[in-house]
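Here is a short note for someone opening this model for the first time. Please keep the view at hand while going through the points.

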Amino acid sequence: MHRRQFMGAAALGGLAVGLPAASWAAEDFAGLANMAKDAQPIGAAERQARLAKATELLRANDMDALLIEPGASLIYFTGVRWGRSERLTAAVLTREGEVAIVTPFFEEPSVRESLGVEAEVLTWNEDENPLAAVAAWLGKRGLARGRVGVEETVRYFAVDGLEKAMPGVTIVNGAPVVRGCRMVKSAAEIALMQLATDITMAAYRYTAPRVEAGMTRADVGALMNGATKALGGSPEFALVLLGEASAYPHGSGQPQIVRPGEVVLMDCGCNVHGYQSDVSRSWVHGTATARQRQVWEQMRQGQLVAFEAAKVGTPAGQVDDAVRAYYEGLGYGPGYKLPGTSHRTGHGIGLDGHEPVNLVRGEATRLAPGMCFSNEPGIYIPGEFGIRIEDCFHMTESGPLWFSKPPLSLDDPIG
């Protein structure tokens with residue numbers, strides 16, 4: 001389950017008028033056009049360029065090969081879309097640019113369906129050891145005693161199995177190679193993320209006027225996800241937090257409905273050809289109190305502080321530091337204490353909704369053109385409410401550029 005696959009309900013003060021509470025059930029989304037119908041997936045030439053960069057980074061980091069299990073990194077380098085199970089499917093890349101896919105014999109035709117690069121397919125039967133196949137393939141290339149990097153999410157049984165099949169191998173962290181490729185997005189990747197964000201924003205604008213007091217989280221989740229699908233996106237998550245639940249970043253399991261005068265927090269995203277969006281909006285159903293308005297404005301300013309601090313060459317952690325210094329001046333915190341911001345200012349985003357690196361205290365990685373981040377320094381007041389506005393940005397040579405522009409006012413909270 002995705003970190004935010006909570007379904008939720010929300011209503012937008014001033015816009016939630018004119019529809020009976022149950023009208024969402026009859027929605028057919030007929031007026032929404034598919035915004036992604038002409039979107040182009042990542043092509044063979046770009047994937048080949050990724051492999052070329054990986055070979056450069058393997059050499060630069062004194063690695064002979066890289067082992068990758070199914071997930072976003074396997075898709076990134078090979079195009080293969082596959083799930084993880086006890087039956088190993090994996091890719092091996094060498095510093096010479098060779099690629100092998102190891103997979104069960106009976107899965108080979110299915111794996112080849114999404115394979116987007118030239119690769120040798122190594123199959124294994126149920127009574128055979130897949131890591132022995134990997135070891136033999138590497139051994140033929142003189143790498144029996146080589147240094148093999150493993151992608152950060154590779155499971156222990158695969159690492160342990162490779163070490164046993166290749167007693168002379170040295171296992172090292174493959175993050176410098178994988179991160180070195182994936183953290184910096186190409187123009188094609190950024191275009192897909194921009195489209196995913198545009199779809200999420202269009203879905204917000206469709207959903208907000210159609211929610212009513214008394215609706216549940218699932219009601220609004222169905223509206224948001226339905227609109228997203230009609231607009232051409234693949235929904236990833238639709239988190240909706242109501243009232244006090246908004247004070248807890250990922251919510252509460254307690255029953256919640258939209259009530260007048262209470263904060264509504266929505267955090268939603270989709271993907272287009274695998275590339276993700278992530279946008280949060282917060283508002284009050286009906287009339288906001290002075291305190292709610294104050295906290296909303298403070299949080300909005302915190303987001304702008306982070307944006308202004310995001311400069312090429314700046315360590316990522318300093319963006320988080322800037323926000324906390326501002327919030328502490330308002331009496332929040334200190335640091336990650338509550339009331340205030342109990343989580344990082346932002347996370348990397350791309351094929352994964354959360355990927356390295358983060359805008360978090362102590363992160364020394366320097367911001368560079370092509371890096372993409374969320375910007376979401378929410379303010380949470382336990383027992384009362386929370387406000388989170390979240391928009392993603394990507395770094396350019398001249399500084400950060402929004403994927404979605406933050407709202408300007410609680411009276412127009414979607415933007």
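This is a predicted model: local features need pLDDT of at least 70, side-chain atom pairs count only at pLDDT 80 or more; totals for chains, interfaces and linings use all residues.

1. Start with Ala238, which stands opposite Cys268 in β8. The two strands here are β7 and β8 (residues 263-272), and they pair in the antiparallel sense over 8 bridges.

2. Next, look at the open sheet. Its 6 strands follow the order β4-β3-β2-β1-β5-β6, with mixed pairing. Which strands sit at the edges? They are β4 (120-124) and β6 (170-173), each of which pairs on one side only. On average, neighbouring strands of this sheet are turned by 25° against each other, direction ignored.

3. Inside that sheet, follow β1 and β2. Strand β1 (residues 65-68) and strand β2 (residues 90-94) run antiparallel and are joined by 4 bridges. Take Leu67: its bridge partner in β2 is Val92. As background, strands of a sheet pair through backbone hydrogen bonds, either parallel or antiparallel.

4. The largest nonpolar core has 96 residues. Phe77, Met266 and Leu367 have the most contacts inside it. Which element gives the largest share of this core? That is α7, with 10 residues. A second, separate core holds 23 residues, including Leu88, Trp137, Leu143 and Val154. In soluble globular proteins, nonpolar side chains tend to be buried together.

5. Leaving aside residues up to four places away in sequence, Leu367 touches several others, among them Ala310, Val312, Val319, Leu359, Phe373 and Met395. Lys311, Gly313, Thr314 and Ala316 are also touched by Leu367.

6. Turn to the rings. The structure holds 8 aromatic pairs. One of them joins Phe29 and Tyr206: it is tilted, with 5.6 Å centre to centre and 45° between the planes. Why does this pair tie together separate parts of the chain? Phe29 lies in the segment before α1 (44-60) and Tyr206 in helix α7 (residues 187-207), so the pair links parts that are 177 residues apart in sequence. Are these two residues buried or exposed? Phe29 has 16% relative accessibility and therefore counts as buried. Tyr206 is buried as well, with a relative accessible area of 11%.

7. Phe373 and Phe393 form a tilted aromatic pair too, at 5.7 Å centre to centre with 40° between the planes. The pair links distant parts of the chain, 20 residues apart: Phe373 is in strand β13 (residues 372-375) and Phe393 in strand β16 (residues 391-396). Both residues, Phe373 and Phe393, are buried. Together with Phe307 and Trp402, Phe373 and Phe393 form one aromatic cluster.

8. Finally, check two places where a charge meets a ring. The charged end of Arg50 sits over the ring of Tyr76, 3.9 Å from its centre. The charged end of Arg324 sits over the ring of Tyr336, 3.5 Å from its centre.

Conventions
Residues are numbered from 1 along each chain as its sequence is written. Side-chain values use heavy atoms; hydrogens and water are left out. Rings of Phe, Tyr and Trp (its six-membered ring) pair if their centres lie within 6.5 Å; planes under 30 degrees apart count as stacked, over 60 as edge-to-face and the rest as tilted. Buried means under 20% relative accessible area, exposed over 50%, partly exposed in between (1.4 Å probe, protein chains only). A charge sits over a ring if NZ of Lys or CZ of Arg is within 6 Å of the ring centre and within 35 degrees of the ring normal. A nonpolar core is a set of buried Ala, Val, Leu, Ile, Met, Phe, Trp, Tyr and Cys residues joined through side-chain atoms within 4.5 Å. Contact means heavy atoms within 4.5 Å. Two strands pair if DSSP finds at least two bridges between them. Axes are lines fitted to C-alpha atoms, for helices over the stretch in contact, and angles run from 0 to 180 degrees between N-to-C directions.
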